[in-house]
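Thanks, everyone, for making the time. I would like to go through the side-chain contacts in this model, taking rings and charges in turn.

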Amino acid sequence: MNAHTPYTPSGRISARRLRDMVSAIAKLNASLVVGALLLMAISLAALLATVFYPDDPLAMVSQPFLRPGEEQGFWLGTDMLGRDLAAQLFYGARVSLLIGFVAALFSVVIGVILGALAGYYGGHIDTLISRVCEFFQALPSFIFTLILVAVLQPTVWTIVFAIGITSWPSLARLVRAEVFKLRHGELVQASINLGGSDFRIIAMHLLPNMLPPIFITGSLMVAHAILTESSLAFLGLGDQNIASWGGMIGAGRSVLRTDWYISVVPGLGIVTVVLALNLLSDGLSQLMSPRARR
């Protein structure tokens, strides 16, 4: 052991290291911290749904229209069928986060691949991909998604597919523009002259420089996917075999004036998760911006 290195007992964190950790966290912007904490809390609630509510959330467990806190054990009340709203809220978080993240990932993969190909090769490939983007953007994305779900039958995975396949064009255009700009840089041109493969150049030199806008856009796409799924479920095109926030709002709209809490409870869940994702996106934008870092 170096004589100048202070001894720290195994398994303990020194006071200096703890101060450094706190200082590093304090340097992060408020939007990123608040958004991350909210998203972590919602994710934790979704993961612990089976722990708190091991039974079927769609089971009729009490009398209908119990108001929040009216009966012990049903702290958010029950709906018109006597189903526990708290259980549906926790399980609905699972559905929203699953569909949001998987659909966004699907869109990001398609958008990055097509955008990179269009920007790198240009010519006929660029023209073809641009025409496909224009076709998808010419149609209202929600209407297109609704038609796909109605044709394919509403399940979690058909909803993921429908949202993912209609949400990629904006990211593809962003990636195309960035790749086209970086394509003529000195580093990329040197790699081409040295005989580097196209795949290696795109993967090693182009995509890493586009990660900040991809992450920022991806977080917004998660929020968009969650809102789209909730809208589909509200219209009756959600998976009827699972509890979802949009389905809860749709079920409570007929009694909105008298038993408003049935729709308001899941509505607050949607607002919270979308707010968290928007704060996270804003925080990432500030953190990854060179001007903000300076």
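This is a predicted model: local features need pLDDT of at least 70, side-chain atom pairs count only at pLDDT 80 or more; totals for chains, interfaces and linings use all residues.

The charged end of R183 sits over the ring of Y120, at 4.6 Å from the ring centre, where sitting over a ring requires NZ of Lys or CZ of Arg within 6 Å of the ring centre and within 35 degrees of the ring normal.

Residues are numbered from 1 along each chain as its sequence is written, and side-chain values use heavy atoms, with hydrogens and water left out.

Turning to the rings, Phe, Tyr and Trp (its six-membered ring) pair if their centres lie within 6.5 Å, with planes under 30 degrees apart counted as stacked, over 60 as edge-to-face and the rest as tilted. By that rule there are 8 aromatic pairs. One of them joins Y53 and F90 edge-to-face, with 5.5 Å between centres and 65° between planes. Y53 lies in the loop between α3 (49–52) and α4 (85–121), and F90 in helix α4, so the pair ties together parts that are 37 residues apart in sequence; helices here are DSSP runs of H or I, at least four residues long, numbered from the N terminus. Both residues, Y53 and F90, are buried, by which I mean under 20% relative accessible area, with exposed being over 50% and partly exposed in between (1.4 Å probe, protein chains only).

How many salt bridges does a search of the whole structure find? The search finds 6, each being a side-chain nitrogen of Lys or Arg within 4 Å of a carboxyl oxygen of Asp or Glu. D259 and R67 meet in one, at 3.9 Å from N to O, and this pair links distant parts of the chain, 192 residues apart. D259 is buried at 11% relative accessible area, whereas R67 is partly exposed at 35%.

A further bridge, between D126 and R176, has an N to O distance of 2.7 Å; D126 lies in helix α5 (residues 123–138) and R176 in helix α8 (residues 169–183), so the pair ties together parts that are 50 residues apart in sequence.

How values were computed
Helices (H or I, at least four residues) and strands (E, at least two) are DSSP runs, numbered from the N terminus.
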